Amino acid sequence: MDDLERELRELSTWLETPEPPDVTARVRARLAAEPPRAPARPRWWRWRYAVAAALAALLVAVLPPGRAALADAVAGLLRFAGITISTSSAPVPPTGTPSPLPAQRPAELDEAQRAVRFPIRVPAKLGPPERVLVADPDGTGGHRVATLLYRDGELRLDAFDGRLNPVFFKEAGAVGAEWTQVGGQQAIWVGGPHPVSYVDRAGTVRQESARLAAATLIWEEAGVTYRLEGRLTMAEAVEIAASLR
């Protein structure tokens, strides 16, 4: 029995489900009096649906990020470390030129570190970034996202505080998303081109920021979420991710 099954069994002991009423006589009388039709759901049935919905919400709230993502997969959504991934339908590729992230600007690496409230780590496999961007400052000047660019911008590493509300929204569709690991911790790999949009501080998906992202590896470490995007295989991306220093 794995941990998830054990947690579900423990939660089930909290629930008291009443026995269904005996409706045999009423059903037989109705069948004799009128043509057959689909019977209405008894109230206790609707009550069980409400309990199931409440239990699903509880699981999403109390389980660790990876487990919560698995629980949300029933609805076609994966929520993992500040990134929401839709896998339920074929996405519509974005058109036009995407807008940059809010108040995005270039910065030197040491300046970028002072501009954000989380440590910026550099992958040893790639070395110092060619360019650094910071974006979306709050009222005190603390920026929400730091981006390291490599290979003329074709390879990028975004970093942000994974304990915040969702920061990026991805539409994986047929490309799908699969679980992997970085340093023994859960990670998600989206193995092909897919639309990605920025989610602002109010929780609104900014459609004007939508662009077609390359294959992406998403992982979290010490409260910081990383998304490594570029023309990479999953093995290459995991190797780069594991070299953060």
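This is a predicted model: local features need pLDDT of at least 70, side-chain atom pairs count only at pLDDT 80 or more; totals for chains, interfaces and linings use all residues.

Biologist: What counts as a strand, and when do two strands pair?

Modeller: Strands (E, at least two residues) and helices (H or I, at least four) are DSSP runs, numbered from the N terminus. Two strands pair if DSSP finds at least two bridges between them. Here β4 and β5 are antiparallel, with 6 bridges. The two make a hairpin with 5 residues between them, and Gly141 in its turn has a positive phi of about 90 degrees.

Biologist: Over how many bridges do β5 and β6 pair?

Modeller: Over 6 bridges, in the antiparallel sense. Leu149 has Arg156 of β6 as its bridge partner. This hairpin has 4 residues between its strands, and Arg151 takes a positive phi near 55 degrees.

Biologist: What is the strand order of the open sheet of 8 strands?

Modeller: The order is β3-β4-β5-β6-β13-β12-β9-β8, with antiparallel pairing. At the edges are β3 (105-106) and β8 (178-182), each of which pairs on one side only. Inside that order, β9 (185-190) and β12 (216-221) share 4 bridges in the antiparallel sense. Val190 stands opposite Thr216 in β12.

Biologist: Which residues touch the most other members of the largest nonpolar core?

Modeller: As a general idea, nonpolar side chains in soluble globular proteins tend to be buried together. A nonpolar core is a set of buried Ala, Val, Leu, Ile, Met, Phe, Trp, Tyr and Cys residues joined through side-chain atoms within 4.5 Å. Buried means under 20% relative accessible area, exposed over 50%, and partly exposed in between (1.4 Å probe, protein chains only). The largest core here has 30 residues, and Leu217, Trp219 and Leu228 touch the most other members. The largest share of this core, 4 residues, comes from α6. Leu217, with residues up to four places away in sequence not counted, touches among others Val182, Trp189, Tyr226, Leu228 and Ala237. A second, separate core has 18 residues, including Phe80, Ala81, Val196 and Ile218.

Biologist: Is Val196 buried or exposed?

Modeller: Val196 counts as buried because its relative accessibility is 3%. This residue sits in strand β10. Its contacts, leaving aside neighbours within four places in sequence, include Phe168, Phe169, Ser209 and Ala213. Val196 and Ser209 are 13 residues apart in sequence, and their C-alpha atoms are 8.1 Å apart.

Biologist: Which strands form the open sheet of 5 strands?

Modeller: The order is β1-β2-β7-β10-β11, with mixed pairing. The edge strands are β1 (77-80) and β11, each pairing on one side only. Within this sheet, β7 (168-171) and β10 run antiparallel and are joined by 3 bridges. Phe169 has Ser197 in β10 as its bridge partner.

Biologist: What separates a cavity from a pocket?

Modeller: On a 1 Å grid over the protein atoms alone, a cavity is a set of points where a 1.4 Å probe fits but cannot get out; a pocket is an open set with protein on both sides within 12 Å along at least five of seven lines; lining residues have an atom within 4 Å of a point. Grid points are joined across faces, edges and corners, and a volume is the space filled by probe spheres set on the points. The structure holds 1 cavity of 30 Å³ or more, and the largest cavity has a volume of about 40 Å³. Among its lining residues are Ile120, Thr147, Leu157 and Tyr226. β5 gives the largest share of this lining, 3 residues. 8 of the 8 residues of β5 are buried, so this strand is largely enclosed by the rest of the structure. The second largest pocket has a volume of about 360 Å³. It is lined by 21 residues, of which Pro98, Ser99, Gln104, Arg156 and Arg211 lie nearest its centre.

Key
Residues are numbered from 1 along each chain as its sequence is written. Side-chain values use heavy atoms; hydrogens and water are left out. Contact means heavy atoms within 4.5 Å.
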